[in-house]
Amino acid sequence: METNPNSNLETYLSAGDSSADNPSLTVEGAIANLKQRKDLGQRYYAAWWLGRFRVREPEAIAALLEALEDETDRTPDGGYPLRRNAATALGKLGDRQVVPPLIKCLDCPDYYVRESAAQALERLGDPTAIPALRKLLDGGVQAARQFPGKPHLVQPYEAILEALGTLQAKDAIAAIEPFLEHFVEKVRYAAARAMYQLTGNPVYGERLVRALERDDLQLRRSALMDLGAIGYLPAAEAIADTLAENSLKLISLKGLLEKHLENQSPAAILSPESIRVMQLMDTLL
């Protein structure tokens, strides 16, 4: 199939995106559902909906911030599902006024709230979150053990490491590097991702490229997302050849293309590297 990459750039940048869900609520209805106290299911869904549709109205943000401190929606083991959804939603809204409350969530006893908060802080891109995220690495690899009786570690290390990399926490390099040898492979990948973002050393990108050859599909998927996030251009062919879903490969290649285009003038002719990535994407469409 012949393509003209220069005239179809928007198509490639939207590749891998799912179509928007049909909104079954109004903004006013979602906010009202989140603020009411009788139906926990409606509150949970409303928090998700406000994030999914990027509702940035002050009343929506205020309701989500209130949900970050909710005590009514609890799981049998003490988790806070509504808080998790609220943290995730706030990370999608781009309002940095929510950074301090999200930082406070990093002390929540619910592992998944801490994970959602770290991911939200990464999305928001505010470096004031670095000290609190860095603190969660205290004790190093030796402290990064499995939580007794739980299917996760004592901290959400993947999310923490990824956030520190995205936030350019160069002072945390010495703390991050030992996690390249952690016993959990996805944590090792997150450390490699962060180290590449912080140093630009291709040795860390190549670690992720090698992970694309793993037998475990979940690990290959994880490596695809990490390579897309860091925009490691030399991985383009390996990404396209990975034994994984085309949709995920497209998302990863889209990440490479976007990172590469960030460093080019909008008026510039597409580089050979950009065209190469777009041609690879075309084979997957």
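Predicted model: local features only at pLDDT ≥ 70, side-chain atom pairs only at ≥ 80, totals over all residues.
Q: Why does Q168 count as partly exposed?
A: Its relative accessibility is 36%, which falls between the two limits (buried is under 20% relative accessible area, exposed over 50%, partly exposed in between; 1.4 Å probe, protein chains only). Q168 also has a positive phi of about 55° although it is not a glycine.

Q: What makes R54 worth a look, and is it buried or partly exposed?
A: R54 is not a glycine, yet its phi is positive, about 50°. You will find R54 in the loop between α3 and α4 (58-67). Its relative accessible area is 33%, so R54 is partly exposed.

Q: How do you know whether α3 and α5 are roughly parallel or roughly antiparallel?
A: The axes of α3 (residues 40-52) and α5 (residues 81-91) come within 8 Å and cross at roughly 10°. Angles under 35 degrees count as roughly parallel (over 145 is roughly antiparallel, 65 to 115 roughly perpendicular, the rest oblique), and α3 and α5 are therefore roughly parallel to each other.

Q: Which residues of α3 and α5 make the contact?
A: From α3 come R43, Y44, A47, W48 and G51, and from α5 come P81, L82, N85, A86 and A89; contact means heavy atoms within 4.5 Å. These residues divide into seven nonpolar, two polar and one charged.

Q: Why is the pair of W49 and F53 called tilted?
A: The search of the whole structure finds five aromatic pairs, one of them being W49 with F53. Their ring centres are 4.9 Å apart and their planes stand at 45°, so the pair is tilted (centres of Phe, Tyr or six-membered Trp rings within 6.5 Å; under 30 degrees stacked, over 60 edge-to-face, the rest tilted). W49 is buried because its relative accessibility is 3%, whereas F53, at 23%, is partly exposed.

Q: What makes Y111 and Y112 an edge-to-face pair?
A: Their planes are 80° apart, with 5.0 Å from centre to centre. Y111 is buried at 12% relative accessible area, and Y112 is partly exposed at 29%.

Q: How do you know that R83 sits over the ring of Y80?
A: The charged end of R83 is 3.7 Å from the ring centre of Y80, to be set against the limits for a charge over a ring (NZ of Lys or CZ of Arg within 6 Å of the centre and within 35 degrees of the ring normal). R52 likewise lies over the face of F53, at 5.2 Å from the ring centre.

Q: Why does R83 count as buried, and what does it touch?
A: R83, in helix α5, has 10% relative accessibility and so counts as buried. Beyond four places away in sequence, R83 touches A67, L68, E69, D70, E71, C108 and V113.

Q: Is S252 buried or exposed?
A: S252 belongs to helix α16 (residues 246-262) and is buried because its relative accessibility is 1%. Leaving aside neighbours within four places in sequence, S252 is in contact with L224, M225, L227, G228 and I239.

Conventions: Residues numbered from 1 in each chain as written. Heavy atoms only, no water. Axes fitted to C-alpha atoms, helices over the stretch in contact; angles between N-to-C directions. Helix = DSSP H or I, 4+ residues; strand = E, 2+ residues; numbered from the N terminus. Nonpolar A, V, L, I, M, F, W, Y, C, P; charged D, E, K, R; others polar.
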